Amino acid sequence: MANLNVNIGNLQLKNPVMTASGTFGYGLEFSDFFDISKIGGIFVKGTTIHHREGNFYPRMAETPSGMLNAVGLQNKGVDYFISDIYPQIKDIDTNMIVNVSGSTIEDYIACAEKVNDLPQIPAIELNISCPNVKKGGMAFGTNCQSAAEVVAAVRKVYHKTLIVKLSPNVTDITEIARSVESAGADAVSLINTLLGMAIDAEKRKPILSTITGGLSGPCVKPVALRMVWQTAKAVKIPVIGLGGISNWKDAIEFILAGATAIQIGTYNFIDPTISVKVVDGINEYLDRHSFASVKDLIGVLECN
Amino acid sequence: MKKYLTDLVVSSNERLHPNYCLLRLTQNVPLPEMFPGQFVEIKVENSPATFLRRPISINYVDRIKNELWLLIQIVGDGTRKLSELKEGDIVNLIYPLGNSFSIFDSQDKDKKLLLIGGGVGTAPMLFLGSKLKTLGYSPIFLLGARTSSDLLQLEMFLQFGTVYTTTEDGSQGEKGYVTNHSILKKRDFDMIYTCGPKPMMVSVVNYAKQIGISCEVSLENTMACGIGACLCCVENTIEGHICVCKEGPVVNIQKLTWQI
């Protein structure tokens, strides 16, 4: 049994496998299928200062090896999270991390302040990369200056581990990563979904109510892997890799590319137990290759 | 209600029609409790075009043979692969999912319960009818299809209640749509349950509202996870967006915001 512990800022993970925001509910939805405390962390559904109804149906289109979504941050707001969800999840023995989103910098600050007061939430993931909202979201994460501004503002009020989730819909993701690192981020997670589109040829209409949506699933993995590799070389803070991971081998590839930890997203829909299978798979890989710790594997890709 | 992620064995796969198959699944231990209106998410193997599981409503549960029945309409590559499954093949399911139809807890077993199904929407009506029959009710089925050959499982429906049919070409039952059937002139039903194409359900809802009959519809919104995690399958209701996979698929028409 290899040592699977890793650290993200002050956050200690029992293993590098976590589940991505928006794909794992509040964790509770999956507790019929396995002991969810066995994974390193759970990023709960995107949370905003106010209640959001999200976009109109249809919000989803299946694609080859993936899917487009246009949910648009549907959630009941941070106060509901604190009063109704937090009591149910606070004692789950893993890192419960809140994904925080907003339309304005003030929204991000207000939401982050409230989550900062929750003792059993050790970290937030600042979502500056949602492609499915009209205001805010990805608009912050596609420009170095605005990305740095929102991160710096939240950094002032948020005193625990601050992870910033980056958008792949940019010319150079490493520039954005360096900006948020300078602004005080403890880690970056990447990638959020890729902006895409689906058309119904018979009806001559877009499939999604929002016309465009975010692409995820195994089809995005090569893009995500490339961006994680580039970013891990560009920043000193830990990188959390995600995008299309659907088995332990994918997870190992992200770690070799420089990810300290990984998140599993869309594949939770296909196999609700995939995350714990990936934990077991990583462990077997480490034993088979005689690595004492998963830390020994981070970024050791041999390019020569 | 506990959900299971389980492999089941195909006990038979019967092609009822060029576009429909009846998949019967079993396992060594008794199948869990399931309720009419609930559905399964079935994994499709060896179909590169099919990434997501396919949500399929529970057609019938045979407790004697320990079988779960799924009536599958062949629409695309995924359902075609399911139609090719053979006896002894293994399929992976997440189930049972969603809520279920409300059933009167009443001593009055003479209540007139009308079950309206169109196309593959007849599938959950069979399971509902069987349950109502077991509870002592005499359900009335109104089933619609394009032609007589598209009316499936009629001998099963007849075991559980009275059956009325419509076909668009008049080859069986009354000619036209279910919502034009003469039985609806009676207007004395205590409850209507319906599942089928959206235009059909809209007509049924319109009828139920006009004469003030309680009515539940089973929705078929496109979905991904089936367990309330992805929030893709939402229906707009008077309470806001609800997940059809978790807070549905059965919705009382009082909650719907359909423009009738």
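First, the ground rules. This is a predicted model, where local features need pLDDT of at least 70, side-chain atom pairs count only at pLDDT 80 or more, and totals for chains, interfaces and linings use all residues. Residues are numbered from 1 along each chain as its sequence is written, chains are lettered from A, and side-chain values use heavy atoms, without hydrogens and water.

Now the interface. Contact means heavy atoms within 4.5 Å. By that rule, 33 residues of chain A touch 30 residues of chain B. How much area is buried between chain A and chain B? About 2600 Å², with 62% from carbon and sulfur atoms. Buried area is the accessible area (1.4 Å probe) that two parts lose on being put together, summed over both.

Next, charges. There are two salt bridges between the chains. A salt bridge puts a side-chain nitrogen of Lys or Arg within 4 Å of a carboxyl oxygen of Asp or Glu. One joins K3(B) to D32(A), at 3.8 Å, N to O.

Now to chain B itself. Look at strand β3, residues 39-42. Strands here are DSSP runs of E, at least two residues, numbered from the N terminus. F39(B) and E41(B) point one way, V40(B) and I42(B) the other. All four are buried, meaning under 20% relative accessible area (1.4 Å probe, protein chains only).

What does β3(B) pair with? Pairing takes at least two DSSP bridges. β4(B), residues 54-62, runs antiparallel to β3(B), with four bridges. There, E41(B) partners P55(B). β6(B), residues 90-97, is also antiparallel, over three bridges. In β6(B), L97(B) stands opposite F39(B).

How values were computed: Buried means under 20% relative accessible area, exposed over 50%, partly exposed in between (1.4 Å probe, protein chains only).
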